[in-house]
Amino acid sequence: MNSEMSMAADLGRLLPEIILACTAVVGLLFGSFLPRRTQWPVRVLAAAGCVAGLVWTVVGGTGTVFAQTYTVDTATNAIRVAVLGSVLLVLVMTRLGGHARETEFVILLLLAALGAILLAGANDLVLLAAAYLLASVPLYALTGFAKDGPGTEATLKFYLLGALLGTTMLFGVMLVSGVGRGSDYPTLHHTLPGAPLAAVAVGAVAVLAGLVFKAGAVPGHFWVPDVTEGTQPAVGAIVTTIPKLGAVVAVYRLATLPPLNWPLLIAVLAAATMTLGNLAAFFQRDVRRLLAYSTISQVGYLLMAVAAAGASLALPSLLLYLAAYAVTNLGAFAVVCALPRARTLDDYAGLRAHRPWLAVCLAVCLLGLVGTPPTGVFAGKLTIFTATFDAGLGWLVVVAAVNTVASVFYYLRWLVPALRTSDEFPRPDRAASVAAYLAAPASVAVGVLAGPILALMAPAG
Amino acid sequence: MLSIVVFLPVAVAVALLAVPRVSDAVVRWLWVAASAVELVLVVVLWVGYDGPGYGYEVNRRWIPSVSSGYHIGVDGLSLPLVAVTAVLFLACAVYALGRTERPPASGLTSTEARRGTSPGPPRAGGKTPGTGREARQSNTARSFAALFLFLETVCMGVFVSLDLVLFFVFFDLSIVGMYFVIAGWGHRNAARAALQFFLYTFLGSLALLLGFIGLYLAAEPHTFDIVALTEQNPLQGKGTVATLVLVAIVVGLAIKTPTVPFHTWLPPAHTEAPAEGSAILAGVLLKLGTYGFVRIAMPMLPGTWRDWAVAIIVVGVVSVLYGALVALAQRDFKRMIAYTSVNHMGYVILAVGAAGLLSTSDDQAHDLAVTGAVTQMVSHGLITGALFLLAGVLWERGGTYDLDAYGGIAASAPRFAGLTAVAAFASLGLPGFSGFIAEFQIFTGALPGAPVATALAFLGILVTAALFLRAFQRLFLGEPATSVGDLTVTETLSIAPLMVLAVVLGLFPRFLLDLVEPAARVLGTLVSR
């Protein structure tokens, strides 16, 4: 195969990413020619781009591209589907009809999604750093999209922590590439075992710091509640869902590199993440902060699968959990978006009486996040617990089980007022309600169809 | 066929929610109709079942990556419980027909709303009912019916599951369903009791899940299939691991059953739940725990079960005595019945424990004990279901469960008094009722293996007799303190058949025992492996 043919083949494999990038660029240009009040065509274009990307993900091939710096495998494909699906759901959820900067919102969303996919596929430390920036910078802008006080404050916190940990990550990339005489994972796989252990350890932990920030795991989790509370709920949904999808898979790829004692480190991080997230969520009165802490604890369960990377079920279960988490979390956020003025738990009083179906969606999504069968998160938890047990980390499973029970408490704190009656209740937003009606059945469907989904993910493991 | 039985109720529930405006009466009659059809189907299942072994088996692939399938079937252990489930849900549906007014959410308004029409003593708390409540009524009645139909599917599902994941799915959903029943339609402190119920039983279900994963990983090849795991006996001779798995499963099931010391969620949950909720909780949901012992813990971990049989027996006897004594001390009628449930479930635990002890020596005694355990589950389901519905009648009339608030009801409500007397006598195990058959078998079966424990447990019957007679005297005899209306037609129609069944089982137990005994023998050979 000559180099031009391999180039073409490489580009073919990358088509979903290329489509996404082109959609963003074309959309930006297109949007600047549209009247300020009617920018919905950009939204349609973005949705079309996502659908095209999904189609190509299904029919396209797999393999590593561009001198093995980027992997297109089952994991990348799964994240592509999850991210693009999430973007579509967010596009349904947000109604900025007539907003003067609708185009910007859509384009930033697309770019952040592209960054998340690249994070998942990156097979090279330098590409990983670039993906980190692409997944971060658009989100800073989105966080401050409303140009209000809380949003700006959230942006600043988000940006400062992101910049700090991003720099740390770059330092780690430099260190590991230096001692490993290369930046792509296949090379590192051979060279790192012979490299000075201390340097590798410091460098790898520094790289991990950036990814932990993106995933919203301990210790890089401080931004999550502030950003989710300060920004618009739709943006909160985006920042707690889409970058996580890519970052966790990136951690998984990094964790398969020798020669550190990764499983234990990741297992401790996982345990700390789920425990801290749960404890902090306990007495939150603001639904967004509660959901934010819940997303932190969810990353803890996800990291369990990374810690169990040795088990054959680890990667399929991780991908299943990621997909289930994305749709369930977006569903819960969709309910929050539908009721933008209901900020505290008590504001949800009367939801069942006035909006029974929205209440059902909320119950399905919150119980889904607990891991109640037959939702997708249950299937994910079941397989992740099994994989972790298999990897010999029984203590972590027990910690996770205890955490799951504890998490029931705060999810129910939200459901209890929703069951109560009240005479008045605000009208929910139509678009966001539709997203909730889509997400809740989807989260159950992921669980019921867990068998076929896991079968699709299996070749990767 | 079996799948239809399992999923028919939930299909009706979805239909109920989906159709736009229908009146409450239509909703309630649809609920009754669906439950009746369900019962007919179960009867057909029973008649068509030719044991031993699993009947109506369906095995489809579901999550092949973890060897978990949609595998269902019934045998002599599960079919009686499936039948009790259908009977009790029909009774609840009929009972709910009689309710003209159903309080919306959290029960805050229920006390107030009923107080206007009832001569009960004044009670603190309660909010004025919100305006526009009538407009939302059909909505509430609808969700109530849908929730119960959903619960029926879930309970059926647990009993017919032959796959651990499927079992767990239904087991967990039963908690969710019951949580919403208690939280949405319970009495004053319902939210708190419901939360406690959810957290406690959810902890149990997760312990159960850990045990299931342990079984899965021990099996070679890995599988969640109950039949395959029972054949494999995967943890034979694996000391500590086997013990840990058994502890996880037993704790999970013991919380659900519940046995001492895991019973603390039960009294508040029962006291706060609506009558129908209590009946289902006691009549069906508690059986999920004891059923788990005979379906999962005993046949899959026979060696370890035998090693720990003494501990199980001790737990059983403590539950029997503690449940009875604490019930004796109650002044609240519903709490009292709740504690007698702990007592009655204790007999079941005693029986399954004794079966583990006996299995090596005396086959016949072992079969008797297991048969007794299953009969006790059936009998307790019928009798306690009736008792809780009667407690619901008491609440409807007086707005309180306090025994001291009533007296001499028999004068004004003879049918109510009569049915309660029958239920109380049935519950304390008088000959002629199903409870006697069950307890007689349990004691005869357990005596050779654990004479001391059996003798101690026997005292439990004395205490239960005392407490039921005392409660009956306070409520129904003596000076009429309050005049209450007698049972309405729907109340009679819902409660009386349960008692008729208990009597039929007590007088002609053969049709049930013919079904249970072969399955108990199979279990016996499995446990003595």
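This is a predicted model: local features need pLDDT of at least 70, side-chain atom pairs count only at pLDDT 80 or more; totals for chains, interfaces and linings use all residues.
Figure 1. Residues are numbered from 1 along each chain as its sequence is written, with chains lettered from A and ligands numbered from 1 in the order in which they are written. R181(A) is located in the loop that links α7 to α8 (185-191) of chain A; helices (H or I, at least four residues) and strands (E, at least two) are DSSP runs, numbered from the N terminus. The phi angle of R181(A) is near 55°, a positive value in a residue other than glycine. Most residues other than glycine have a negative phi, and most peptide bonds are trans. R181(A) counts as partly exposed because 13 other C-beta atoms lie within 10 Å; the class follows from counting other C-beta atoms, placed from the backbone, within 10 Å of the residue's own, where 20 or more means buried, 12 or fewer exposed, and anything in between partly exposed.

**Figure 2. L170(A) in helix α7 of chain A.** Helix α7 (residues 149-180) of chain A contains L170(A). L170(A) is partly exposed, since 18 other C-beta atoms are found within 10 Å. Y132(A) is 38 residues away from L170(A) along the chain, and their C-alpha atoms are separated by 9.9 Å.

**Figure 3. The two sides of helix α3 of chain A.** Helix α3 (residues 40-59) of chain A comprises 20 residues and reaches 29 Å from its first C-alpha to its last, close to the 28 Å expected at 1.5 Å a residue; the expected span is 1.5 Å times one less than the number of residues. The buried residues of α3(A) are V42(A), R43(A), A46(A), G49(A), C50(A), G53(A) and T57(A). They lie on the same side of α3(A) because they cover an arc of only 120° around the axis, the arc being that of the directions from the helix axis to the C-beta atoms. On the other side of α3(A), V44(A), A48(A), V58(A) and V59(A) are exposed. The buried residues of α3(A) pack against α2 (15-33), α4 (74-93) and α5 (102-121) of chain A, with contact defined by C-beta atoms, placed from the backbone, within 7 Å.

**Figure 4. Helices α14 and α19 of chain A.** With 25 residues, helix α14 (residues 314-338) of chain A reaches 36 Å from its first C-alpha to its last, close to the 36 Å expected at 1.5 Å a residue. Burial in α14(A) extends to 25 of its 25 residues. Helix α19 (residues 430-448) of chain A has 19 residues and reaches 28 Å between its first and last C-alpha, close to the 27 Å expected at 1.5 Å a residue. Among the buried residues of α19(A) are A432(A), S433(A), A439(A), S443(A) and G447(A). The cover over the buried residues of α19(A) includes α4, α14, α16, α17 and α20 of chain A.

**Figure 5. A391(A) between α17 and α18 of chain A.** The loop between α17 and α18 of chain A holds A391(A). A391(A) counts as buried because it has 22 C-beta neighbours inside 10 Å. Residues up to four places away in sequence aside, A391(A) touches P263(A), A308(A), G310(A) and A311(A). A391(A) and A305(A), 86 residues apart in sequence, are 9.6 Å apart in space, C-alpha to C-alpha.

**Figure 6. The contact between chains A and B.** Chain A contributes 33 residues to the contact and chain B contributes 34 residues. Each of α15 (351-354), α16 (356-370), α17 (376-390), α18 (394-419) and α20 (450-457) of chain A supplies at least two residues of the side of chain A that touches chain B. The most comes from α18(A), with nine residues.

Figure 7. Strands β1 (residues 55-63) and β2 (residues 68-74) of chain B run antiparallel and are joined by six bridges; strands pair if DSSP finds at least two bridges between them. Opposite V74(B) in β2(B) stands G55(B), and R60(B) stands opposite Y70(B). The hairpin has four residues between its strands, and S67(B) in the turn has a positive phi of about 50°. S67(B) is partly exposed, as 18 other C-beta atoms lie within 10 Å. In β2(B), five of its seven residues are buried.

**Figure 8. Cis peptide bonds in chains A and B.** The peptide bond from V218(A) to P219(A) is cis, with omega near 5°. P219(A) belongs to the loop between α9 (197-215) and α10 (223-230) of chain A. In chain B, the bond from T257(B) to P258(B) is cis, with omega near -20°. P258(B) lies in the loop between α9 (239-256) and α10 (266-272) of chain B.

Definitions and conventions:
Two residues are in contact if their C-beta atoms, placed from the backbone, lie within 7 Å.
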